[in-house]
Amino acid sequence: MKPLNLLFVVITLGLLGFSTYQALFVAPTEQTMGEVQRIFYYHVPSAWVAGLCFFVNFLASVAYLVKRSSNADALAAASAEVGVVFCTIVLITGPIWGRPVWGIWWTWDARLTTTLVLWLIYVSYLILRRFASGSQTQTLAAVLAIFGFVDVPIVYMSIRWFRTQHPSPVIAGGANSGLDPIMLHAFFWNLLAFTCVGIILVMARYRLQKMENQVEAEHAELALQGGVR
Amino acid sequence: MTGAVALKAAYIVVWVILLGYVAYLVGRYRRVHEEMKDLKRSS
(Lines give C-alpha, C1' and ligand atoms only; values in the text may rest on other atoms or scores of the structure.)
Protein backbone atom coordinates (compact mmCIF):
# COMPACT_ATOMS: atom_id res chain seq x y z
CA MET A 1 0.00 0.00 0.00
CA LYS A 2 1.32 3.47 -0.90
CA PRO A 3 2.27 5.66 2.12
CA LEU A 4 -0.34 8.29 1.21
CA ASN A 5 -3.10 5.65 1.01
CA LEU A 6 -1.96 4.15 4.30
CA LEU A 7 -2.10 7.59 5.91
CA PHE A 8 -5.66 8.05 4.60
CA VAL A 9 -6.69 4.68 6.07
CA VAL A 10 -5.13 5.54 9.45
CA ILE A 11 -6.85 8.97 9.50
CA THR A 12 -10.17 7.32 8.57
CA LEU A 13 -9.86 4.76 11.38
CA GLY A 14 -9.16 7.61 13.82
CA LEU A 15 -12.15 9.51 12.46
CA LEU A 16 -14.39 6.45 12.84
CA GLY A 17 -13.34 6.05 16.47
CA PHE A 18 -13.86 9.74 17.20
CA SER A 19 -17.21 9.96 15.42
CA THR A 20 -18.51 6.83 17.19
CA TYR A 21 -17.46 8.38 20.52
CA GLN A 22 -19.31 11.57 19.55
CA ALA A 23 -22.43 9.58 18.64
CA LEU A 24 -22.51 7.38 21.74
CA PHE A 25 -21.15 9.64 24.50
CA VAL A 26 -21.20 13.31 23.45
CA ALA A 27 -24.48 13.77 21.58
CA PRO A 28 -27.42 14.31 23.97
CA THR A 29 -30.11 11.64 24.36
CA GLU A 30 -33.18 12.41 22.25
CA GLN A 31 -36.22 13.12 24.47
CA THR A 32 -38.91 11.06 22.70
CA MET A 33 -37.03 8.00 21.43
CA GLY A 34 -34.23 7.81 23.99
CA GLU A 35 -30.97 5.93 23.41
CA VAL A 36 -32.14 4.14 20.28
CA GLN A 37 -32.12 7.44 18.35
CA ARG A 38 -28.30 7.18 18.31
CA ILE A 39 -28.71 4.67 15.45
CA PHE A 40 -29.30 7.83 13.40
CA TYR A 41 -25.52 8.58 13.47
CA TYR A 42 -24.75 5.37 11.56
CA HIS A 43 -28.02 4.98 9.62
CA VAL A 44 -28.12 8.35 7.81
CA PRO A 45 -24.38 8.54 6.90
CA SER A 46 -24.69 4.99 5.47
CA ALA A 47 -27.61 6.16 3.32
CA TRP A 48 -25.56 9.17 2.20
CA VAL A 49 -22.59 6.99 1.19
CA ALA A 50 -24.89 4.55 -0.65
CA GLY A 51 -26.42 7.46 -2.61
CA LEU A 52 -22.96 8.87 -3.35
CA CYS A 53 -21.74 5.47 -4.61
CA PHE A 54 -24.77 5.07 -6.87
CA PHE A 55 -24.16 8.59 -8.22
CA VAL A 56 -20.53 7.66 -9.02
CA ASN A 57 -21.83 4.46 -10.61
CA PHE A 58 -24.21 6.55 -12.76
CA LEU A 59 -21.42 8.93 -13.90
CA ALA A 60 -19.02 6.06 -14.58
CA SER A 61 -21.70 4.20 -16.57
CA VAL A 62 -22.36 7.27 -18.73
CA ALA A 63 -18.58 7.67 -19.21
CA TYR A 64 -18.33 4.00 -20.21
CA LEU A 65 -21.08 4.33 -22.82
CA VAL A 66 -19.45 7.48 -24.25
CA LYS A 67 -15.77 6.46 -24.17
CA ARG A 68 -15.88 2.64 -23.83
CA SER A 69 -13.18 3.02 -21.19
CA SER A 70 -12.40 -0.06 -19.10
CA ASN A 71 -11.42 2.25 -16.22
CA ALA A 72 -14.92 3.77 -16.21
CA ASP A 73 -16.43 0.27 -16.22
CA ALA A 74 -14.19 -0.80 -13.31
CA LEU A 75 -15.23 2.30 -11.34
CA ALA A 76 -18.90 1.56 -12.08
CA ALA A 77 -18.53 -2.01 -10.79
CA ALA A 78 -16.64 -0.89 -7.68
CA SER A 79 -19.04 1.89 -6.72
CA ALA A 80 -22.14 -0.28 -7.25
CA GLU A 81 -20.81 -3.02 -4.99
CA VAL A 82 -19.81 -0.62 -2.20
CA GLY A 83 -23.16 1.16 -2.62
CA VAL A 84 -24.99 -2.13 -2.09
CA VAL A 85 -22.96 -2.76 1.10
CA PHE A 86 -24.01 0.61 2.55
CA CYS A 87 -27.60 0.24 1.32
CA THR A 88 -27.70 -3.14 3.12
CA ILE A 89 -26.60 -1.37 6.32
CA VAL A 90 -29.45 1.13 5.86
CA LEU A 91 -32.01 -1.63 5.31
CA ILE A 92 -30.89 -3.53 8.42
CA THR A 93 -30.34 -0.64 10.86
CA GLY A 94 -33.66 0.98 9.84
CA PRO A 95 -35.87 -1.91 11.05
CA ILE A 96 -33.70 -2.32 14.20
CA TRP A 97 -34.43 1.36 14.93
CA GLY A 98 -38.09 1.06 13.89
CA ARG A 99 -38.99 -1.94 16.09
CA PRO A 100 -38.72 -0.19 19.51
CA VAL A 101 -40.01 3.15 18.18
CA TRP A 102 -42.87 2.14 15.85
CA GLY A 103 -43.55 -1.31 17.31
CA ILE A 104 -42.99 -2.95 13.90
CA TRP A 105 -39.94 -4.10 11.96
CA TRP A 106 -41.17 -3.06 8.55
CA THR A 107 -43.96 -1.24 6.77
CA TRP A 108 -44.54 -0.69 3.07
CA ASP A 109 -44.29 3.10 3.21
CA ALA A 110 -42.74 5.19 0.44
CA ARG A 111 -39.22 5.63 1.89
CA LEU A 112 -38.76 2.02 2.96
CA THR A 113 -40.20 0.56 -0.22
CA THR A 114 -38.21 2.78 -2.60
CA THR A 115 -35.03 2.00 -0.65
CA LEU A 116 -35.71 -1.74 -0.92
CA VAL A 117 -36.35 -1.31 -4.66
CA LEU A 118 -33.05 0.61 -4.95
CA TRP A 119 -31.19 -2.24 -3.23
CA LEU A 120 -32.85 -4.80 -5.53
CA ILE A 121 -31.92 -2.77 -8.63
CA TYR A 122 -28.24 -2.65 -7.71
CA VAL A 123 -28.16 -6.28 -6.56
CA SER A 124 -29.57 -7.23 -9.97
CA TYR A 125 -26.89 -5.00 -11.55
CA LEU A 126 -24.18 -6.96 -9.70
CA ILE A 127 -25.80 -10.29 -10.62
CA LEU A 128 -25.89 -9.21 -14.28
CA ARG A 129 -22.20 -8.30 -14.17
CA ARG A 130 -21.30 -11.55 -12.40
CA PHE A 131 -23.25 -14.09 -14.43
CA ALA A 132 -23.91 -12.63 -17.90
CA SER A 133 -21.41 -13.58 -20.56
CA GLY A 134 -20.62 -12.00 -23.90
CA SER A 135 -19.22 -8.73 -25.17
CA GLN A 136 -22.38 -6.74 -24.41
CA THR A 137 -22.44 -7.37 -20.66
CA GLN A 138 -20.70 -4.12 -19.70
CA THR A 139 -22.95 -2.12 -22.04
CA LEU A 140 -26.10 -3.74 -20.62
CA ALA A 141 -24.86 -3.13 -17.08
CA ALA A 142 -24.18 0.54 -17.86
CA VAL A 143 -27.69 0.99 -19.30
CA LEU A 144 -29.25 -0.75 -16.28
CA ALA A 145 -27.21 1.53 -13.97
CA ILE A 146 -28.44 4.67 -15.73
CA PHE A 147 -32.09 3.61 -15.51
CA GLY A 148 -31.58 2.30 -11.96
CA PHE A 149 -30.23 5.64 -10.78
CA VAL A 150 -33.66 7.19 -11.38
CA ASP A 151 -34.71 5.61 -8.08
CA VAL A 152 -32.08 7.54 -6.06
CA PRO A 153 -33.81 10.97 -6.24
CA ILE A 154 -37.16 9.20 -5.69
CA VAL A 155 -35.79 7.69 -2.44
CA TYR A 156 -34.49 11.12 -1.38
CA MET A 157 -37.74 12.93 -2.17
CA SER A 158 -40.12 10.19 -0.92
CA ILE A 159 -40.37 11.67 2.60
CA ARG A 160 -41.02 15.11 1.12
CA TRP A 161 -43.61 14.00 -1.45
CA PHE A 162 -45.57 11.58 0.73
CA ARG A 163 -46.73 11.46 4.35
CA THR A 164 -44.96 8.34 5.52
CA GLN A 165 -44.31 6.26 8.61
CA HIS A 166 -40.66 7.22 8.17
CA PRO A 167 -39.88 10.55 9.91
CA SER A 168 -39.72 13.77 7.90
CA PRO A 169 -36.23 15.07 7.09
CA VAL A 170 -34.41 16.70 10.02
CA ILE A 171 -31.63 18.12 7.85
CA ALA A 172 -32.58 20.43 4.95
CA GLY A 173 -36.17 19.64 5.79
CA GLY A 174 -37.69 23.12 5.96
CA ALA A 175 -38.85 25.52 8.66
CA ASN A 176 -39.92 23.09 11.42
CA SER A 177 -37.01 20.73 11.10
CA GLY A 178 -33.54 20.75 12.60
CA LEU A 179 -31.18 19.13 15.09
CA ASP A 180 -29.66 20.19 18.37
CA PRO A 181 -26.24 21.77 17.53
CA ILE A 182 -24.34 19.06 19.48
CA MET A 183 -26.29 16.35 17.65
CA LEU A 184 -25.55 18.07 14.34
CA HIS A 185 -21.87 18.22 15.24
CA ALA A 186 -21.78 14.46 16.00
CA PHE A 187 -23.74 13.77 12.84
CA PHE A 188 -21.27 15.64 10.62
CA TRP A 189 -18.30 13.79 12.16
CA ASN A 190 -20.01 10.50 11.33
CA LEU A 191 -20.90 11.72 7.86
CA LEU A 192 -17.24 12.56 7.23
CA ALA A 193 -15.98 9.26 8.67
CA PHE A 194 -18.44 7.16 6.64
CA THR A 195 -17.65 9.11 3.47
CA CYS A 196 -13.93 8.37 3.99
CA VAL A 197 -14.72 4.66 4.56
CA GLY A 198 -16.76 4.67 1.34
CA ILE A 199 -13.91 6.29 -0.62
CA ILE A 200 -11.38 3.74 0.71
CA LEU A 201 -13.65 0.79 -0.12
CA VAL A 202 -14.39 2.09 -3.65
CA MET A 203 -10.67 2.70 -4.27
CA ALA A 204 -9.76 -0.80 -3.04
CA ARG A 205 -12.54 -2.45 -5.05
CA TYR A 206 -11.60 -0.43 -8.16
CA ARG A 207 -7.98 -1.60 -7.91
CA LEU A 208 -9.16 -5.19 -7.45
CA GLN A 209 -11.43 -4.93 -10.50
CA LYS A 210 -8.51 -3.66 -12.62
CA MET A 211 -6.30 -6.53 -11.43
CA GLU A 212 -9.05 -9.06 -12.22
CA ASN A 213 -9.49 -7.53 -15.68
CA GLN A 214 -5.74 -7.81 -16.23
CA VAL A 215 -5.71 -11.48 -15.19
CA GLU A 216 -8.68 -12.17 -17.48
CA ALA A 217 -6.93 -10.45 -20.41
CA GLU A 218 -3.74 -12.43 -19.80
CA HIS A 219 -5.70 -15.70 -19.63
CA ALA A 220 -7.33 -14.82 -22.97
CA GLU A 221 -3.94 -14.01 -24.50
CA LEU A 222 -2.47 -17.29 -23.27
CA ALA A 223 -5.45 -19.19 -24.65
CA LEU A 224 -4.93 -17.55 -28.05
CA GLN A 225 -1.29 -18.58 -27.98
CA GLY A 226 -2.32 -22.12 -27.04
CA GLY A 227 -0.40 -21.83 -23.80
CA VAL A 228 -3.19 -22.77 -21.42
CA ARG A 229 -2.38 -25.84 -19.31
CA MET B 1 -36.54 -5.22 22.05
CA THR B 2 -35.50 -2.30 24.26
CA GLY B 3 -33.86 0.85 22.89
CA ALA B 4 -30.45 0.05 24.41
CA VAL B 5 -30.44 -3.47 22.95
CA ALA B 6 -31.49 -2.14 19.54
CA LEU B 7 -28.74 0.47 19.65
CA LYS B 8 -26.07 -2.14 20.44
CA ALA B 9 -27.45 -4.52 17.80
CA ALA B 10 -27.43 -1.81 15.11
CA TYR B 11 -23.85 -0.70 15.82
CA ILE B 12 -22.64 -4.32 15.91
CA VAL B 13 -24.42 -5.08 12.61
CA VAL B 14 -22.73 -2.09 10.92
CA TRP B 15 -19.26 -3.16 12.05
CA VAL B 16 -19.87 -6.82 11.15
CA ILE B 17 -21.00 -5.86 7.63
CA LEU B 18 -18.09 -3.46 7.05
CA LEU B 19 -15.44 -5.83 8.45
CA GLY B 20 -17.03 -8.75 6.57
CA TYR B 21 -16.80 -6.81 3.33
CA VAL B 22 -13.15 -5.89 4.01
CA ALA B 23 -12.40 -9.60 4.67
CA TYR B 24 -14.17 -10.52 1.41
CA LEU B 25 -12.03 -7.98 -0.51
CA VAL B 26 -8.83 -9.27 1.12
CA GLY B 27 -9.76 -12.82 0.08
CA ARG B 28 -10.33 -11.73 -3.51
CA TYR B 29 -7.03 -9.80 -3.52
CA ARG B 30 -5.20 -12.95 -2.38
CA ARG B 31 -6.83 -15.04 -5.11
CA VAL B 32 -5.92 -12.52 -7.83
CA HIS B 33 -2.33 -12.32 -6.58
CA GLU B 34 -2.10 -16.13 -6.75
CA GLU B 35 -3.49 -16.12 -10.28
CA MET B 36 -1.02 -13.42 -11.31
CA LYS B 37 1.85 -15.50 -9.94
CA ASP B 38 0.59 -18.59 -11.84
CA LEU B 39 0.33 -16.58 -15.05
CA LYS B 40 3.89 -15.26 -14.67
CA ARG B 41 5.15 -18.81 -14.13
CA SER B 42 3.31 -20.18 -17.14
CA SER B 43 4.25 -17.36 -19.56
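Me: Which elements each supply at least two residues of the lining of the second largest pocket?
Reply: In chain A these are α3, α4, α5 (137–148) and α7, and they are joined by α1 (3–42) of chain B. Helices here are DSSP runs of H or I with at least four residues, and strands are E runs of at least two, numbered from the N terminus. The model is predicted, so local features need pLDDT of at least 70 and side-chain atom pairs 80 or more, while totals for chains, interfaces and linings use all residues. Residues are numbered from 1 along each chain as written, chains are lettered from A and ligands numbered from 1 in written order, and side-chain values use heavy atoms, leaving out hydrogens and water.

Me: OK, and which element gives the largest share of that lining?
Reply: That is α7(A), which contributes seven residues to the lining of the second largest pocket.

Me: Which residues lie nearest the centre of the second largest pocket?
Reply: Out of 28 lining residues, the ones nearest the centre are Arg129(A), Arg130(A), Gln209(A), Glu212(A) and, from the other chain, Arg28(B). A pocket is an open set of points on a 1 Å grid over the protein atoms alone, where a 1.4 Å probe fits and protein lies on both sides within 12 Å along at least five of seven lines; lining residues have an atom within 4 Å of a point.

Me: How do the residues of that lining divide?
Reply: The lining of the second largest pocket holds 10 nonpolar, eight polar and 10 charged residues, with Asp, Glu, Lys and Arg counted as charged, Ala, Val, Leu, Ile, Met, Phe, Trp, Tyr, Cys and Pro as nonpolar, and the others, Gly among them, as polar.

Me: And what lines the largest pocket?
Reply: The largest pocket has 48 lining residues, and Val44(A), Ala47(A), Arg111(A), Ile159(A) and His166(A) lie nearest its centre. Two or more lining residues come from each of α2 (40–67), α3 (70–102), α4 (110–131), α6 (151–161) and α7 (181–225), which belong to chain A. By type, the lining of the largest pocket comprises 33 nonpolar, 11 polar and four charged residues.

Me: Changing topic, what does chain B consist of?
Reply: Chain B has one helix and zero strands, and its C-alpha atoms fill a box of roughly 60 × 10 × 5 Å along the principal axes.

Me: How many residues of chain B are in contact with chain A?
Reply: There are 26 of them, and they meet 36 residues of chain A, where contact means heavy atoms within 4.5 Å.
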